[in-house]
Amino acid sequence: MKPSKSCKSAPFMLLALCVAIAGCGSSGVRKDSQELMKEGQYEAGISRLEEALRDDPRDTELNIALVHGRQAAVESLLTQADSDRSRHDFAGARIGYGRVLTLEPNNRRAQEGIRQIELIRTLDERVALGQAALRQGDLFGAERYMREVLRLDPQNQKGIMLRSDIENVQARTATPFPQLRSKLERPVTLEFRDANLKTIFEVLAQVAGINFIFDKDLRPEMKATIFVRDVRIEDAVALLLEQNQLHQKIVNDNTLLIYPDSPQKTKDYQELVMRTFYLTSIEANTALNMVKTMLKTRDVFVDERLNTLTMRDTPDAVRMAEKLLQSQDQSNPEVVLEVEVMEVARSRILDLGLQWPNTFGVLNSEGQSVSVLDQLRGINSSRISIAPGPQAKINAQDKDINTLASPVIRVSNREQARIHIGQRVPIISATSVPSTQGPVITESITYLDVGLKLEVQPTVHLNNEVAIKIALEVSNATPLEATRQGTIPVQVDTRNAQTSLRLHDGETQVLAGLVRNDHNASGNKIPGLGDIPGLGRLFGSNKDDMTKSELVLAITPRIVRNLPYQSPSDMEFATGTESALQVRQLAQPLPAEALPTDVPGDAPAEAPLVNGQMAAVPAVQSTVTRTAQP
């Protein structure tokens, strides 16, 4: 009988029905996942899709839904976390980034967000470090911490207050006459030969709009020769003063006082400032010697109670002292030394052979044991037999003993640390003093340190290497028999090692080789028979006691704090001449308002003629120098 068409199509209909049911099932899973994700339950929605895929890994629609769902969840969580971080809700942002990493563990944006939050948590500490640097006079360090804080959190109130404090300090230390500074920054061209000095200053006064007044002791016949092009007025004035041994004093925004360079005039005109430095790491007396040696400052006072240094000198000298102390007043580097001291001892005892008795007994005819002496006397000597009763003895012991001491030591740079793990053994000594009534014995007690003694002295280098001097000693004391006078001698067994090594931060070095070998042999055997080669073990026993110990030291340095990096520009600065200290400021780009505006286009300014020579010409975009005719 042939199957009907309906019977043939039944399997296909069943297959289609299964596919439809499966499609409905996957559609339901996707719908459930979407509902969960709309409610913000991203992890649950993704988990729902992953569970369905484990049952049917080849479902294309589920795979696509999982990819798109995870991408949408990650983007939504990142957007919310970034918003929370911008609103200073760091706890919420931390949770959001953590959820992103749960869905996508290698998401760089979430990892960077968490790193930024961890840095932001240290903002208060960075602000405190900036404030401490500002109190110490380290203006550059305070600015560095302030910039780090405001870069991470531009709205940080403490960082904004720190910036305001820094600006106030800069305002106090800046040039007190900004208008004069802008005038001195203007460029000029000067060409004078054997001209009267006051005349040259008069020309500069006309061109720059600056008043020059002269001390009454300035010689009127002084002359100067100067040929300079496109230099700042300040530099031109400095050249004229240096040629003629003169000094200047700023009077106000447009006036300079010129006076001779003499000790009395310097005392009369030179302004002095007073500054107190609070020192944290360097000792005040050390700072005093440095300031006196390098800056030749005489008016310096040290308060050892507060560890402060107060000096009175010129503003330039105070600025130099600030830079010197900034580079020297640094915290001493520190290192943690992880030390492991092991004494590995191996003891092997081998006791092998027959144990024979130390005495012999005899039996009479009745089986009773009598002494050998009675048998020799003929008492109850009907029958004599020797009953030695030997016993077989096998005893082997093998011991491994590890004695471990693992101290962790934190040491400052170039300081010595000592560790003693052991005992203080009392040693009694007796002294006999003769007298008429007999000797008088006096006892005294001294103490000897035995055990483990370790001394380390590290030196931390700027390349994160640590040089360490190590002295290790392991000792034990054994009391001996007392002497006739009552003195108890003590035998001290000592093993020590001293070395110097240099390790990287985190590098471990093992020092070994202090080995001690002891071998003791003893035996219990019948004389003569026990010495027969090969058969001696049958007539006695031999005991070998072998002990081997080795001392092992492992040390690992870990740098806790090193000296901060200082750029060469911070450590090197101009100081003027031997006779005149001066902090020379680098020339800044000229502001637009400093350029002359009364000369149109590229036309050169007309140079005024003074005594047949060309005078000062303000430098414009293109300066033309012309030779004046007499």
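Leaving aside neighbours within four places in sequence, Thr478 is in contact with Pro489, Val490 and Gln491. Contact here means heavy atoms within 4.5 Å. The C-alpha atoms of Thr478 and Gln491 are separated by 5.0 Å, although the two residues are 13 apart along the chain. Thr478 is placed in strand E16. Its relative accessible area is 33%, so Thr478 is partly exposed. The accessibility classes are buried (under 20% relative accessible area), exposed (over 50%) and partly exposed in between, with a 1.4 Å probe and protein chains only.

The model is a predicted one: local features need pLDDT of at least 70, side-chain atom pairs count only at pLDDT 80 or more, and totals for chains, interfaces and linings use all residues. Residues are numbered from 1 along each chain as its sequence is written, and side-chain values use heavy atoms, with hydrogens and water left out. Helices (H or I, at least four residues) and strands (E, at least two) are DSSP runs, numbered from the N terminus.

Strand E16 belongs to an open sheet of four strands. The order is E14-E15-E16-E17, and the pairing is antiparallel. E14 and strand E17 (490-504) stand at the edges. Each has a single partner strand, so one side of each is left without a neighbour in the sheet. Neighbouring strands of this sheet are turned by 20° against each other on average, direction ignored. The axes behind this angle are lines fitted to C-alpha atoms, for helices over the stretch in contact; angles run from 0 to 180 degrees between N-to-C directions. Strands of a sheet pair through backbone hydrogen bonds, either parallel or antiparallel. Two strands count as paired if DSSP finds at least two bridges between them.

The pairings can be followed strand by strand. E14 and strand E15 (residues 440-460) pair in the antiparallel sense over 17 bridges. His420 stands opposite Lys453 in E15. Thr431 has Thr442 in E15 as its bridge partner. E14 and E15 form a hairpin, with six residues between them. In this turn, Gly438 has a positive phi of about 115°.

E15 also pairs with strand E16 (residues 465-479), in the antiparallel sense and over ten bridges. Here Thr459 stands opposite Ala467 in E16. These two strands form a hairpin with four residues between them. Asn464 in the turn has a positive phi of about 60°. E16 and E17 pair over 15 bridges, again in the antiparallel sense. Ser475 stands opposite Thr494 in E17.

Arg414 is not a glycine, yet its phi is positive, at about 65°. Arg414 lies in the loop between strand E13 (408-412) and strand E14 (417-433). With a relative accessible area of 54%, Arg414 is exposed. Asp230 has a positive phi of about 55° and is likewise not a glycine. Asp230 has its place in strand E3 (residues 223-232).

The structure holds three aromatic pairs. Rings of Phe, Tyr and Trp (its six-membered ring) pair if their centres lie within 6.5 Å; planes under 30 degrees apart count as stacked, over 60 as edge-to-face and the rest as tilted. The rings of Phe201 and Phe212 have centres 4.9 Å apart and planes at 50°, so this pair is tilted. Phe201 lies in helix H10 (residues 197-208) and Phe212 in strand E2 (residues 211-214), so the pair ties together parts that are eleven residues apart in sequence. Both Phe201 and Phe212 are buried.

Phe201 also pairs with Phe214, with ring centres 5.8 Å apart and planes at 65°, so this pair is edge-to-face. It links distant parts of the chain: Phe201 in helix H10 and Phe214 in strand E2, 13 residues apart. The relative accessible area of Phe201 is 1%. Phe214, at 25%, counts as partly exposed. Ring pairs link Phe201, Phe212 and Phe214 into a cluster.

Charged side chains sit over rings as well. The criterion is NZ of Lys or CZ of Arg within 6 Å of the ring centre and within 35 degrees of the ring normal. The charged end of Lys198 sits over the ring of Phe214, 5.5 Å from its centre. Arg144 lies over the face of Tyr145, at 5.3 Å from the ring centre.
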